[in-house]
Amino acid sequence: MQTGGGQGAGLGLYGCLRPVLFRLAPETAHGLAINGLKLLQLFGRAGAAAGPAIATDAVLHQNLWGLDFPNPIGLAAGFDKDAEVWQALLQLGFGFAEVGSVTPLPQAGNPRPRLFRLTEADAVLNRLGFNNQGVAAMARRLLASGRGNPARHGRLGINLGKNKATEDAAADYEIGIRALARFADYLVINVSSPNTPGLRALQGRAPLQELLGRTAQALAALDLPQRPPLLLKIAPDLTADDIEDIAAVAQLAQSSGQLDGLIVSNTTITRPAAIDRHWAQEAGGLSGKPLFTLSTEILRQVYRLTGGKLPIIGVGGIASGADAYAKIRAGASLVQLYSAMIYQGPLLARRLNRDLKALLIRDGFATVAAAVGADHRRV
Ligand SMILES: Cc1cc2nc3c(=O)[nH]c(=O)nc-3n(C[C@H](O)[C@H](O)[C@H](O)COP(=O)(O)O)c2cc1C
């Protein structure tokens, strides 16, 4: 696998582009990437009109929540916060893209600098604080993109957050659901970003129970041809008791039709040993390679505690087909990544799918679904 400290061999054109991008401030480089993808989207339209936007593969394909996922590699929330380039991301080979986090009102986020590359560790640190254009702008954009006709495109997740100043958090998620549910293949209640004060406290047993009750009610009250599945995204910084509480609440919510899955995990506020001590002083959530072990262990525990009955999207530190495979074996039905794309470029999803497929076939799995939770079945 290509590492951040390396010179970019094996990355194709991105090997030349990356040193240029890395000389820019991370948010400037991100803006350029978004603009590049907008161009791809514009020119990709003609191709998309000619046939299905995404190819399916018998090994990588999966049906989950009644939805077809052409492959299990998704783009995690935070890259396309305002749903500007998700179609281009699907064209690049992602099986699904999650946009957001989006809050009811537009918000500027925290003061800059707030996004850092930890190149020597293949990691990213961010304290963006839900900078986004708000739900109305996203709804307008999705409507204009023809999202009213979902069969046309690949899978789209919409990740909902709360505004910094809102005290009744559930009310903000209700607003997000009402504004955006009709555009979503799945919805995410994000209670795990470390950069919004008080947000992660919603993961406690009582607040979580109340939140899931209210969000499910808001969704049920809508007149939709199909109710999108509702997922909860959790943090990796949880004690064994916290995890047991979340698993118990989630199972209960699943049995009463309030919750359909979990996303494990968001960024960590811990600073694993591999990280230079300098970064211990900087506030924010750490993602990328140093998050892999922690987030995979939480995923493994959640899968075990929920008996493998609640679908999980595994995210945190995935940078190779082997990493994706490890998450799947630990219990993930689907996986996502963000940080590794910064280090390995836009063709990463295709590479990961190719390598994942080879690993599945090597180990005798006819489909991705057959490998989900395989570690738990080992004698
Ligand atoms: C710059 C940046 C912004 C992010 N913004 C969000 C966000 O708005 N909502 C969210 O749920 N997760 C957000 N995340 C977390 C990612 O979705 C993902 O959970 C995390 O980065 C771990 O995956 P990775 O190691 O592959 O990056 C963000 C991550 C990064 C690096």
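## Basis

The model is predicted, so local features need pLDDT of at least 70 and side-chain atom pairs count only at pLDDT 80 or more, while totals for chains, interfaces and linings use all residues. Residues are numbered from 1 along each chain as its sequence is written, and side-chain values use heavy atoms, with hydrogens and water left out.

## H6 against H7

Helix H6 (residues 205–220) packs on helix H7 (residues 240–255) at an angle of about 25°, and their axes are 10 Å apart. Helices are DSSP runs of H or I with at least four residues, strands are runs of E with at least two, and both are numbered from the N terminus. Axes are lines fitted to C-alpha atoms, for helices over the stretch in contact, and angles run from 0 to 180 degrees between N-to-C directions. H6 and H7 are therefore roughly parallel to each other (under 35 degrees; over 145 is roughly antiparallel, 65 to 115 roughly perpendicular, and the rest oblique).

On the H6 side, Arg205, Leu208, Gln209 and Leu212 meet Asp245, Ile246, Ala248, Val249, Leu252 and Ala253 of H7; contact means heavy atoms within 4.5 Å. The residues of this contact divide into 7 nonpolar, 1 polar and 2 charged. Nonpolar covers Ala, Val, Leu, Ile, Met, Phe, Trp, Tyr, Cys and Pro, charged covers Asp, Glu, Lys and Arg, and polar covers the others, Gly among them.

## H7 against H8

H7 also packs with helix H8 (residues 292–305), at an angle of about 45° and with axes 9 Å apart. That makes H7 oblique to H8. Ile243, Glu244, Ala247 and Gln251 of H7 form the contact with Ile298, Gln301, Val302 and Leu305 of H8. By class, the contact has 5 nonpolar, 2 polar and 1 charged residues.

## Buried residues of H11

In helix H11 (residues 348–362), Leu348, Ala349, Arg351, Leu352, Asn353, Leu356, Leu359 and Leu360 are buried (under 20% relative accessible area; exposed is over 50%, partly exposed in between, with a 1.4 Å probe and protein chains only). The elements covering these residues include strand S3 (73–75), helix H9 (321–330), strand S13 (334–337), helix H10 (339–344) and helix H12 (368–371). Just after H11, Gly364 has a positive phi of about 80°.

## Trp65

Trp65 lies in the loop between strand S1 (62–64) and strand S2 (67–69). Trp65 counts as partly exposed because its relative accessibility is 22%. Leaving aside neighbours within four places in sequence, Trp65 contacts Pro229, Leu231, Asp260, Gly261, Pro311, Ile313 and Leu334. Gly261 is 196 residues from Trp65 in sequence and 9.2 Å away in space, C-alpha to C-alpha.

Conventions. Expected span 1.5 Å × (residues − 1).
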